[in-house]
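Subject: Structure handover

Hello,

Here is the structure you asked for, with notes on what was found in it. Please read the notes with the model open beside you.

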Amino acid sequence: MAGQKHYLDDNDMEEPPSVSPFMPMFEAFRNELDEHQDRRERIIKASRDITALSKKIVRNLHSPIPPPIAKEVNARYDSIKDLFISIGPDLQGINFWRYQRQISGGCQEYVEAISFQHYLETQSLITHQEAQDLIPGGVELTADDYVLGLFDLTGELMRFGITSMATNGTLPRGVAAEGGGSEGRDILMDLRAIRTSFESLDTSSGSSDWSYLKKDIGKKTVVMRESVEKVENAVYGMIVRGRERPKGWMPDLSEGHEGGRKAVESY
């Protein structure tokens with residue numbers, strides 16, 4: 001009825017909602033996912049920074065390495081090592097494999113940089129253990145990242161060799177070993193040896209140790225072969241028609257393998 005007051009008794013009072021016994025469990029899941037995302041973002045950022053610094057190192061390397069360039073390169077190496085140390089705790093135990101693909105790109109670029117400098121200084125490939133020793137913070141260098149980094153090295157050796165031919169008219173060549181003749185190996189001989197080794201690499205087995213390598217090796221093998229063939233074509237042009245060209249001539253390799261061949265043949 002209008003104007004009639006209704007008084008609530010104790011039975012009409014709503015009880016406060018009870019807290020679900022599952023809430024603490026889901027809150028723990030939420031915190032774990034937040035930590036996972038933060039850790040993943042830290043590793044991705046560090047990997048990108050390592051990649052950028054490694055590319056800058058490679059661009060500055062040539063033989064011989066002048067002291068000012070060596071100082072700049074060493075400063076960048078120190079920055080890379082600090083980045084590895086900063087994410088080391090995030091890549092321990094099972095977490096290393098959980099985030100391996102996030103750090104993989106940075107490791108491959110770093111291997112390319114240190115292997116290029118190692119080659120310029122020693123005319124030899126850096127070993128897996130030597131490369132691992134240059135990565136601090138307890139971050140593991142997988143065999144996949146080591147091999148894929150060496151695949152990328154062939155591109156830098158190709159650019160180094162062709163630049164040397166364009167500026168000096170000769171291929172970079174090492175010092176002859178004792179009893180090994182009057183001349184050392186040139187960079188084309190080394191590139192051919194690397195190509196032969198990579199082409200004999202068997203990744204067709206079902207071993208999980210090569211799972212990432214089988215995924216990435218196809219494209220990198222094509223690029224590696226093209227890099228070696230570009231140096232072969234440039235050497236062919238230098239030997240057969242070198243006298244017909246002005247000093248400083250360099251074949252146009254921007255069009256890929258076929259473009260490089262046509263530039264050499266049609267000059």
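Helices (H or I, at least four residues) and strands (E, at least two) are DSSP runs, numbered from the N terminus. The model is a predicted one, in which local features need pLDDT of at least 70 and side-chain atom pairs count only at pLDDT 80 or more, while totals for chains, interfaces and linings use all residues. Residues are numbered from 1 along each chain as its sequence is written, and side-chain values use heavy atoms, with hydrogens and water left out.

Overall fold

The protein chain has nine helices and zero strands, and along the sequence its pattern reads α-α-α-α-α-α-α-α-α. Of its 267 residues, 42% are buried. Buried here means under 20% relative accessible area, exposed means over 50%, and partly exposed lies in between (1.4 Å probe, protein chains only).

Core

A nonpolar core is a set of buried Ala, Val, Leu, Ile, Met, Phe, Trp, Tyr and Cys residues joined through side-chain atoms within 4.5 Å. The largest one has 54 residues, and Phe84, Leu91, Tyr110, Phe116, Tyr146, Leu157 and Val231 have the most contacts inside it. Two or more residues each come from H1, H2, H4, helix H6 (143–168), helix H7 (187–199) and helix H8 (211–241). H6 gives the largest share, 11 residues. As background, nonpolar side chains in soluble globular proteins tend to be buried together.

Salt bridges

A salt bridge is counted when a side-chain nitrogen of Lys or Arg lies within 4 Å of a carboxyl oxygen of Asp or Glu. The count by this rule is 14.

Which parts of the chain does the pair Glu109 and Lys55 link? The two side chains form a salt bridge at 3.4 Å, N to O. This pair links distant parts of the chain, with Glu109 in helix H4 (residues 100–122) and Lys55 in helix H1 (residues 23–60), 54 residues apart. Glu109 is buried because its relative accessible area is 14%, whereas Lys55, at 38%, is partly exposed.

Arg76 and Glu72 form another salt bridge, at 3.0 Å from N to O. Both lie in helix H2 (residues 67–87), four residues apart, which is about one turn of the helix. Arg76 has a relative accessible area of 19% and so counts as buried; Glu72 is partly exposed at 33%.

In the pair Arg40 and Glu41, the closest N and O atoms are 3.9 Å apart. Arg40 is partly exposed, with 28% relative accessible area, and Glu41 is partly exposed at 44%.

There is also a network of salt bridges that links Arg39, Arg42 and Asp90. Arg39 is in helix H1 and is buried, with 15% relative accessibility. Arg42 is in helix H1 too, but is partly exposed at 42%. The C-alpha atoms of Arg39 and Pro89 are 9.8 Å apart, although 50 residues separate the two along the chain.

Surface patches

Patches are made of residues with over 30% relative accessible area and no salt bridge; like charges are joined within 9 Å, and nonpolar side chains (Val, Leu, Ile, Met, Phe, Trp, Tyr) within 5 Å. Accessible areas come from the Shrake-Rupley method with a 1.4 Å probe, and for residues only the protein chains shown count as cover. Lys and Arg count as positive and Asp and Glu as negative, with His and the chain ends not counted. The place of a charge is NZ of Lys, CZ of Arg, CG of Asp or CD of Glu.

Glu32, Asp34, Glu35 and Asp38 form a patch of negative charge on the surface. Asp34 sits in helix H1 and is partly exposed, at 42% relative accessibility.

Phe22, Met25, Phe26 and Phe29 make a nonpolar surface patch of about 420 Å². Phe29 is in helix H1 and is partly exposed, with a relative accessible area of 40%.

One backbone angle

Gln123 is not a glycine, yet its phi is positive, near 55 degrees. Most residues other than glycine have a negative phi. Gln123 lies in the loop between H4 and helix H5 (128–133), and is buried with a relative accessible area of 16%.

Regards
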